[in-house]
Amino acid sequence: MDIKILGSGCCRCKKTYDTVNQVVEDDHIDATIEYVTDIAKILEYDIMSMPAIVIDGKVVLNGQVPTAAQVRQILKN
């Protein structure tokens, strides 16, 4: 699983990255996680607000900081 956290580097984006990292580690999920702050790369995903989570090339969440429970639900789908 390829997970990208798209963000500007703000505290909300960092919190999202940390939460996703923690869930992947705690649940022993085989995934690579990348924190993308390059605006040119972020614009490729056509999102309206950050932070955003992209899994295997598909935007699954944007504009909010998810809880660990929300991240687990997203990763199950």
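**View A. V71 touches T19, V20, V23 and P66, leaving out residues up to four places away in sequence.** Contact is taken as heavy atoms within 4.5 Å. The model is predicted, so local features need pLDDT of at least 70 and side-chain atom pairs count only at pLDDT 80 or more, while totals for chains, interfaces and linings use all residues. Residues are numbered from 1 along each chain as its sequence is written, and side-chain values use heavy atoms, with hydrogens and water left out. T19, one of the partners of V71, belongs to helix α1. T19 is buried, with a relative accessible area of 9%; buried means under 20%, exposed over 50%, and partly exposed in between (1.4 Å probe, protein chains only). Beyond its neighbours within four places in sequence, T19 is in contact with P66, T67, A68 and V71.

**View B. The largest nonpolar core has eleven residues: I3, I5, V20, V23, V24, I53, I55, L61, V71, I74 and L75.** β1, α1, β3 and α3 each give two or more residues to this core. L6, V36, I42 and A52 are among the six residues of a second, separate core. A nonpolar core is a set of buried Ala, Val, Leu, Ile, Met, Phe, Trp, Tyr and Cys residues joined through side-chain atoms within 4.5 Å. In soluble globular proteins, nonpolar side chains tend to be buried together.

**View C. Helix α1 spans residues 11–26 and has 16 residues.** Helices (H or I, at least four residues) and strands (E, at least two) are DSSP runs, numbered from the N terminus. From first C-alpha to last, α1 reaches 22 Å, close to the 22 Å expected at 1.5 Å a residue; the expected span is 1.5 Å times one less than the number of residues. The buried residues of α1 are C13, T16, T19, V20, V23 and V24. Seen down the helix axis, these buried residues fall within an arc of 130 degrees, so they line one face of α1; the arc is that of the directions from the axis to the C-beta atoms. They pack against β1 (2–6), β2 (32–36), β3 (52–55) and α3 (68–76). C11 and E25, on the other side of α1, are exposed.

**View D. Four strands form an open sheet in the order β2-β1-β3-β4, with mixed pairing.** β2 and β4 (58–62) are the edge strands, each pairing on one side only. Two strands pair if DSSP finds at least two bridges between them. Neighbouring strands are turned by 20 degrees against each other on average, direction ignored. The axes are lines fitted to C-alpha atoms, for helices over the stretch in contact, and angles run from 0 to 180 degrees between N-to-C directions.

**View E. β3 runs antiparallel to β1 and to β4.** Four bridges join β1 to β3. On this side, K4 stands opposite V54 and I5 stands opposite I53. Four bridges also join β3 to β4, where V54 stands opposite V59. A52 and V54 point one way from β3, I53 and I55 point the other way, and all are buried. β3 and β4 form a hairpin with two residues between them. D56, in the turn of this hairpin, has a positive phi of about 50 degrees.

**View F. N62 in strand β4 contacts I47, M48, S49, P51 and A52, leaving aside neighbours within four places in sequence.** The C-alpha atoms of N62 and M48 are separated by 7.7 Å, with the two residues 14 apart along the chain. N62 is partly exposed, at a relative accessible area of 34%. P51 lies in the loop between α2 (39–43) and β3. A cis peptide bond, with omega about 5 degrees, joins M50 and P51.

**View G. H28 and D46 have positive phi values and are not glycines.** H28 follows α1 and lies in the loop between α1 and β2. The phi of H28 is about 55 degrees, and H28 is exposed, with a relative accessible area of 71%. D46 is in the loop between α2 and β3. The phi of D46 is near 55 degrees, and at 66% relative accessibility D46 counts as exposed.
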